[in-house]
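Please find below a short note on the structure shown here.

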Amino acid sequence: MTAISNVQKTKDQLLKGVSILKETLHQEDVPHVFVVFGASGDLAKKKIYPTLWWLFKDGLLPKQTYFVGYARSDLTVEGVRDKTTQYMKLQDDEKEKYEEFWKVNWYVRGSYTERTDFEHLNQEINTLPKGDLAHRLFYLALPPTVFKDVSSNIRLCCMGHDGLEESATVSTGSGGWSRIIVEKPFGRDLESSADLSQHLSKLFREDQIYRIDHYLGKEMVQNLMVLRFGNKMFSPLWNRDHVQCVVITFKEPFGTMGRGGYFDESGIIRDVMQNHLMQILSLVAMEKPASTSAEDIRDEKVKVLKCMPPLELENVVVGQYTGDPQGEGDAKSGYLDDPTVPKGSVTPTFASAVVFVKTERWDGVPFIMKCGKALNERKAEVRIQFKDVPGDIFGGQCKRNELVIRVQPQEAVYCKMMVKAPGMNINPEESELDLSYGARYKGVKMPDAYERLILDVFCGAQLHFVRSDELGEAWRIFTPLLHKLEKEKIKPVPYKYGSRGPQESDDLARKFGFIFSGTYKWTKPQL
Ligand SMILES: NC(=O)C1=CN([C@@H]2O[C@H](COP(=O)(O)OP(=O)(O)OC[C@H]3O[C@@H](n4cnc5c(N)ncnc54)[C@H](OP(=O)(O)O)[C@@H]3O)[C@@H](O)[C@H]2O)C=CC1
Ligand SMILES: O=C1O[C@H](COP(=O)(O)O)[C@@H](O)[C@H](O)[C@H]1O
């Protein structure tokens with residue numbers, strides 16, 4: 001089959017998948033109401049409204065879907081529109097559709113604490129066409145300080161007709177279901193997260209709660225399941241007999257950029273490692289689930305986490321960026337130069353940590369997680385480094401194989417391997433099997449993570465959301481370390497803005513068996 005017909009086939013499959021989805025969602029004559037709490041805020045403006053628009057314009061949402069923004073600010077729909085339009089990536093030929101989108105938008109002003117304001121919101125929803133019967137989706141794009149008040153008030157005043165007892169995934173026909181979407185942070189540690197989980201579980205059933213970790217909406221994170229369990233060739237190698245170590249990396253080339261005050265409350269471990277990187281780790285390490293159902297997969301992920309002892313400080317390096325006097329713009333300023341960051345803060349902007357999964361498959365294999373801000377590049381990847389070939393006959397010329405799953409940018413799966421250097425010799429040379437998505441799936445639209453996840457909530461698909469027991473286990477692993485760092489005010493190692501992070505991080509990876517040879521050179525194929 002030619003590359004072009006392959007691409008066509010993939011497009012056809014995608015379209016088929018999307019149309020099945022649309023059919024399911026369009027079958028019912030019940031409207032859907034999507035409420036954005038915190039409609040005036042940054043997340044709503046940059047992510048949630050643009051995502052709703054993209055889903056709307058692609059015709060992926062049920063026909064009768066209404067959007068209601070809710071916040072304390074004295075705004076109107078026009079005001080929300082003015083704030084969000086710059087993030088909508090609007091095309092010239094979409095203007096008419098864009099007007100249609102805003103015609104199905106409403107805005108309600110109210111507090112997050114007063115029950116009467118939520119009663120008013122409920123009345124407004126009820127005045128929408130068949131609003132009293134509508135399925136209701138509540139997105140909490142809000143700071144954690146108001147999570148509890150808002151969720152209690154939703155439960156008291158704004159639920160659809162199905163109540164708590166009936167299944168939220170099956171429409172009763174006489175009234176709508178309700179689903180609540182919660183953004184991280186889900187607590188600060190094991191105790192506060194358990195407190196929040198307990199609070200939510202008193203108000204909603206687990207199948208009504210959608211905890212977003214947007215990394216679970218990324219193409220290559222979702223791909224891990226298929227790569228691992230849809231290929232025979234990887235499964236015999238995916239264990240402690242063959243894998244030297246697994247490195248899971250997140251890097252951003254910019255600092256906290258005036259948002260340091262907010263970031264300082266959490267630090268990079270809570271911001272990225274405890275959630276995004278741990279989710280990736282559990283998908284890499286889990287056993288094959290009994291099926292692709294959400295519960296079977298999440299059961300396996302929880303089992304992995306349960307087999308991980310709490311993180312030890314001796315297996316961790318924390319760092320904080322300093323300005324680069326030679327750098328340009330923001331790069332000149334360090335974390336502590338941000339006026340919103342408390343003086344002398346010891347909050348890490350970089351962390352690398354080695355954890356172990358004590359299962360028969362992985363015992364002794366280091367999982368090295370690295371994440372940081374103000375580094376040399378934007379990158380998120382999983383790197384599986386295999387062991388050396390035993391019984392070497394090439395005089396030490398062979399480098400370790402690596403399987404790299406690049407999550408972003410430019411999604412790719414590549415396997416670094418040795419081949420005979422082409423020509424009149426038998427010398428081994430480093431090369432690769434390279435699946436670059438940009439080349440293989442040219443022209444295929446890769447949906448944004450939030451698009452996939454919000455559509456999943458409409459469909460009632462829980463697979464790519466975090467279950468409460470997963471969350472508890474992840475906090476169990478990180479809480480002792482976080483408390484120690486904070487109690488003892490452990491000083492992070494300084495690293496320069498735009499660098500690869502502290503040298504100590506490379507030393508840690510080396511200590512646990514990762515080898516960087518520095519000899520591999522990739523030649524980008526000519527497309
Ligand atoms: N399909 C595609 O698009 C493909 C692209 N490539 C590209 O080729 C380039 C090289 O490939 P790559 O697999 O990264 O190979 P490298 O061998 O160059 O790098 C391997 C790893 O070593 C780490 N590293 C880099 N410098 C050091 C150091 N001084 N000490 C210790 N560790 C270090 C990097 O980690 P860290 O993240 O910490 O810097 C990286 O994870 C990349 O840009 C890659 O994206 C390669 C193959 C296919
Ligand atoms: O959750 C977060 O993720 C973003 C990075 O997301 P990406 O999709 O752009 O990779 C990060 O900047 C932010 O600090 C963190 O809270």
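This is a predicted model: local features need pLDDT of at least 70, side-chain atom pairs count only at pLDDT 80 or more; totals for chains, interfaces and linings use all residues.

1. Helix 11 passes helix 14 in a left-handed crossing. The contact involves Arg 298, Lys 301, Val 302, Leu 305 and Lys 306 on helix 11, and Asp 469, Glu 470, Glu 473, Ala 474, Arg 476 and Ile 477 on helix 14. By class, the residues of this contact comprise 4 nonpolar, no polar and 7 charged.

2. The geometry of the pair deserves a remark. Helix 11 covers residues 294-306 and helix 14 covers residues 468-487; they pack at an angle of about 15 degrees, with their axes 9 Å apart. Angles under 35 degrees count as roughly parallel, and helix 11 and helix 14 are therefore roughly parallel to each other.

3. Which residues come nearest to ligand 1? Of the 17 residues around this ligand, they are Lys 370, Lys 379, Arg 406, Asp 434 and Ser 436. In the side chain of Arg 406, an N or O atom is 2.6 Å from an oxygen atom of ligand 1. For Arg 500, the corresponding distance from a side-chain N or O atom to an oxygen atom of ligand 1 is 2.7 Å. A nitrogen atom of ligand 1 lies 3.5 Å from a polar side-chain atom of Asp 506.

4. The residues surrounding ligand 2 include His 214, Tyr 215, Phe 250 and Lys 373. Lys 184 also belongs to this group, and a polar atom of its side chain lies 3.0 Å from an oxygen atom of ligand 2. The side chain of Asp 271 has an N or O atom 2.6 Å from an oxygen atom of the ligand, while for a polar side-chain atom of Gln 408 the distance to an oxygen atom of ligand 2 is 2.7 Å.

Terms used
Residues are numbered from 1 along each chain as its sequence is written. Chains are lettered from A and ligands numbered from 1 in the order in which they are written. Side-chain values use heavy atoms; hydrogens and water are left out. Axes are lines fitted to C-alpha atoms, for helices over the stretch in contact, and angles run from 0 to 180 degrees between N-to-C directions. Helices (H or I, at least four residues) and strands (E, at least two) are DSSP runs, numbered from the N terminus. Angles under 35 degrees count as roughly parallel, over 145 as roughly antiparallel, 65 to 115 as roughly perpendicular and the rest as oblique. A crossing is left-handed if the near helix is turned anticlockwise from the far one by less than a right angle, and right-handed if clockwise. Contact means heavy atoms within 4.5 Å. Ala, Val, Leu, Ile, Met, Phe, Trp, Tyr, Cys and Pro count as nonpolar, Asp, Glu, Lys and Arg as charged, and the others, Gly among them, as polar. A residue is near a molecule or strand if one of its heavy atoms lies within 4 Å of it. A polar contact is a pair of N or O atoms within 3.5 Å; within protein, one must be able to donate a hydrogen and the other to accept it, and residues adjacent in sequence count only if both atoms are side-chain atoms.
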